[in-house]
Amino acid sequence: MASVQWPCILLALLSGLVVLGFPRSPSRLLEKRSLPEEADGIEIHSTKISCKVTSRFAHNVVTTKAINRANTAKEVSFDVELPKTAFITNFSLTIDGVTYPGNVKEKEVAKKQYEKAVSQGKTAGLVKASGRKLEKFTVSVNVAAGSRVTFELTYEELLKRHKGQYEMYLKVQPKQLVEHFEIEADIFEPQGISTLDAKASFITNDVLGSALTKSFSGKKGHVSFKPSLDQQRSCPTCPDSLINGEFIITYDVNRESPANVQVVNGYFVHFFAPQGLPVVPKNIVFVIDVSGSMQGRKMEQTKDALLKILDDVREDDFLNFILFSGDVSTWKENLVQATPENIQEARAFVRNIEDQGMTNINDGLLRGISMLNKAREEHRVPERSTSIVIMLTDGDANVGESRPPKIQENVRNAIGGKFPLYNLGFGNNLNYNFLESMALENNGIARRIYEDSDANLQLQGFYEEVANPLLTGVEVEYPENAILDLTQNTYKHFYDGSEIVVAGRLVDEDMNNFKADVKGHGAVSDLTFTEEVDMKEMEKALKERDYIFGNYIERLWAYLTIEQLLEKRKNAEGDEKEKLTAQALDLSLKYHFVTPLTSMVVTKPEDNKNQMAIADKPGEGGHRDYQAPANPYYYVDGDPHFIIQVTEKDDALCFNIDEDPGTVLRLIQDPITGFTVNGQIIGDKTGSPNSETRKTYFGKLGIANAQMDFRIEVTPEKITLWNGAAQSTFSWLDTVKVTQDGLSVMINRRKNMVVSFGDGVTFVVVLHQVWKKHPVHQDFLGFYVVDSHRMSAQTHGLLGQFFHPFDFQVSDIHPGSDPTKPQATMVVKNHRLTVTRGSQKDYRKDASIGTKVACWFVHNNGQGLIDGVHSDYIVPDLF
């Protein structure tokens, strides 16, 4: 049975391999780790991962002890990858008996303390997002010759039940033989443990069996993995370790009754997961993005997933498909029942889906919501059925209503709280915060679908989570005036294989009994489940203290409360947002959790001085809140050569667009600020029809701001400005400055034009003039973006899409057919491309000579680097 992955740990100890000041990108770390650690003198003496799980609440401690056996000081780095849903609660670093602890503080307080440390010397952020479900905690320290160091990290998480079980996913990577290596998990579940298993991806079952012990009886379960040095070896005589991969523990609990309530020290937790109920029929609308950026593998994977989903749709379900690009189309006018005949027809429809055009999220969603509302109003669907919208997109809205707040308002009003919206964001080039916010305020969730070979399985897996609703309109009720500080107790759906968890605080700790009712609408009738709790029975559980860690239910309540306050905060405003923030911050500090509102400050010894580092919690959608670095450049000049500077890499990427003269290309579009920049291509005077040899340039540019009702048309002959209906025309022989309402246009005679919109948006248009009697060439324009940090996260276009952060890795550099232009393999946006080292010219300072800019050239019109294909950016006219 497939399961969700929870606590995830990647543990790696690096020794003497991190050059101070050298960028620590993942690929570079992997390169360094490939070196034999023993040669550097750092010996890992022991590594232990200790997991204690009590009533689904996991308390995890990762401890590594190392010795520097070299004759000189060495830098040692401690890496742990933990779940994004976990909260770090403690970290300590001990060197020769002296302990340097971490302290959780309010983020602003920690920031000020950190900034003070920055002014005094080198510091480092400790936690970064890593992969699909993980965050990487990294700390490094110089260890003197002969010294011993101990790293200890603690984090906690509430395990969510998924497809019928809980799963501990530990990814281990010590990178050398470790004298004492151990994974140990102790599980205590008052309901009793029904199943318990463990497996490893990096070791054969024979070896695993001899190094692994697992057992469970009644309420207790135990797993221990302690491979000897010989069992760790990749071969009998090899000095390197085979421990590099996944170690997975799965379990579930007995469910003699649908609910279980536990009370400890005045706090309670209520678990609810009924079984054996008939499935409530679904009315499901799939709203699918088929814009040009979905072209290729993403579209094929989406179609493959939809075909698999159609195999699993139940015959009493109703469904439809809504496709959106620049406009909206549907499979059927209304919802239809999932009869064998209709499913067969749906398969044919899915196979024929093609990508095209822009992204109209607003109209696509509203069409799907309207269809569900209409089906209910006209009694086309069973009375006891439930409705669901699942929307998949890989980009931001860029046509029709494209303002996220307005789209959210439209969707919220259309749904009216009647059913949930689930948003699936395909890839990274989208506003995930917007998708998540919209889903949460409509009783759903957002999920990122990672661009990878298993994207179709990710999509299919999400559907499986919501495929079998057993109850709708679930309400959990407790005695009036008996409970305080209750977590969420109403849910739109309960899905088979999941679990509802509610926690709170008792007003009277001395009460003798405790009653909880769960009410919901089933497929056949309304149901009420009652759980009677005898407090004396609860006291017996307290005698099992060898497995219970501290005030675990109180910490579980705090964890769940913080998690839900932070979710509510995403859609709150004004006083309500301040109130939710204050509550979540107070609990984060009280229970020592590193959350988005707090930071852990870690002090460590460096060169006889205590230096400071800071551990923050990255957000899932955080990369789209990015502010562009100071003065990066993005430009298009020449034939038309697009140049993208990647500041973090101190490098640049470039590509050409080969299109016919007269074609207009979308360079920048920002639906939030209203900016658009389009460019029209011209050719040489001779007009060669051969695309291989002809030269093309930009001969006309259109810069507009719809909100300001302002347009600028630039050609090599003149500059025309429109402010509403008022028109002004200037020639390139003028030197003039035009300013009004935050706009500044500066024309520098026969050189360039600088256009600034306040502080944060500046474009430069460079004039290239050639000899008038030249037999081939003619005057053309170059376009440069020198400041874009005020443009929104939704900016797109051939240049605009690169205003947002992205990463690339270059490897396998080797000679090309031209010895002066090496070739290499580049991985960018989950594409593997062959690129060529070359150079282009930056003409901002000198339009006649230019400055050479080295870059990696991406062939085939930038395919694989740009979103979609270059033809997606062709527009009908300049404005």
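This is a predicted model: local features need pLDDT of at least 70, side-chain atom pairs count only at pLDDT 80 or more; totals for chains, interfaces and linings use all residues.
## Leu484 and the sheet around S28

Leu484 stands opposite Arg505 in S28. Two bridges join S26 to strand S28 (residues 500-506), and the two run antiparallel; strands pair if DSSP finds at least two bridges between them. Residues are numbered from 1 along each chain as its sequence is written, and side-chain values use heavy atoms, with hydrogens and water left out.

S26 and S28 belong to an open sheet of four strands, ordered S16-S17-S28-S26 with antiparallel pairing. Its edges are strand S16 (259-264) and strand S26 (483-484), each of which pairs on one side only.

## Helix H12 across the sheet

H12 lies across S16, strand S17 (267-272) and S28, and runs at about 70° to S17. Angles here run from 0 to 180 degrees between N-to-C directions, and axes are lines fitted to C-alpha atoms, for helices over the stretch in contact.

Helix H12 spans residues 552-569, and its 18 residues reach 25 Å from the first C-alpha to the last, close to the 26 Å expected at 1.5 Å a residue. The expected span is 1.5 Å times one less than the number of residues in the helix. How enclosed is H12 by the rest of the structure? It is largely enclosed, because 15 of its 18 residues are buried. Buried means under 20% relative accessible area, exposed over 50%, and partly exposed in between, using a 1.4 Å probe and protein chains only.

## A second open sheet

Another open sheet of four strands has the order S27-S25-S29-S30, with antiparallel pairing. S27 and strand S30 (526-534) are the edge strands, each pairing on one side only. On average, neighbouring strands of this sheet are turned by 30° against each other, direction ignored.

Let's walk across it. Strand S25 (residues 469-477) is joined to strand S27 (residues 490-495) by five bridges, and Val474 has Tyr491 in S27 as its bridge partner. S25 also pairs with strand S29 (residues 513-521), in the antiparallel sense and over four bridges; there, Glu477 is partnered by Asp517 of S29. Nine bridges then join S29 to S30 in an antiparallel run, with Asp534 in S30 as the bridge partner of Asn513.

The 16 residues of helix H5 (residues 297-312) should span 22 Å at 1.5 Å a residue, and the end C-alpha atoms are 23 Å apart, which agrees. Among the buried residues of H5 are Met299, Ala305, Leu306, Leu307, Ile309 and Leu310, along with Lys298 and Lys303. Their cover includes strand S18 (282-289), strand S19 (318-324), helix H6 (340-351), strand S22 (386-393), strand S23 (421-426) and helix H10 (455-466).

The axes of H5 and H10 come within 8 Å and cross at roughly 35°. The crossing is right-handed, a term used when the near helix is turned clockwise from the far one by less than a right angle. Residues making the contact (heavy atoms within 4.5 Å) include Gln301, Ala305 and Ile309 of H5 and Leu459 and Tyr463 of H10.

## Nonpolar cores

A nonpolar core is a set of buried Ala, Val, Leu, Ile, Met, Phe, Trp, Tyr and Cys residues joined through side-chain atoms within 4.5 Å. The largest has 56 residues, of which Phe78, Phe91, Phe151, Phe225, Phe247 and Tyr251 touch the most other members. Strand S2 (residues 42-54) gives the most to this core, with five residues. A second, separate core of 55 residues includes Val646, Val738, Val755 and Phe802.

Which residues does Phe225 contact, leaving aside neighbours within four places in sequence? They include Phe181, Ile183, Phe202, Leu208, Leu212 and Phe247, as well as Glu182.

## Arg148 and the overall picture

Arg148 is found in strand S9 (residues 148-158). Arg148 and Ile95 are 53 residues apart in sequence and 5.8 Å apart in space, C-alpha to C-alpha. Not counting residues up to four places away in sequence, Arg148 touches Ala66, Ile67, Thr94, Ile95 and Asp96.

Across the protein, the secondary structure comes to 14 helices and 51 strands, and 57% of the 879 residues count as buried.
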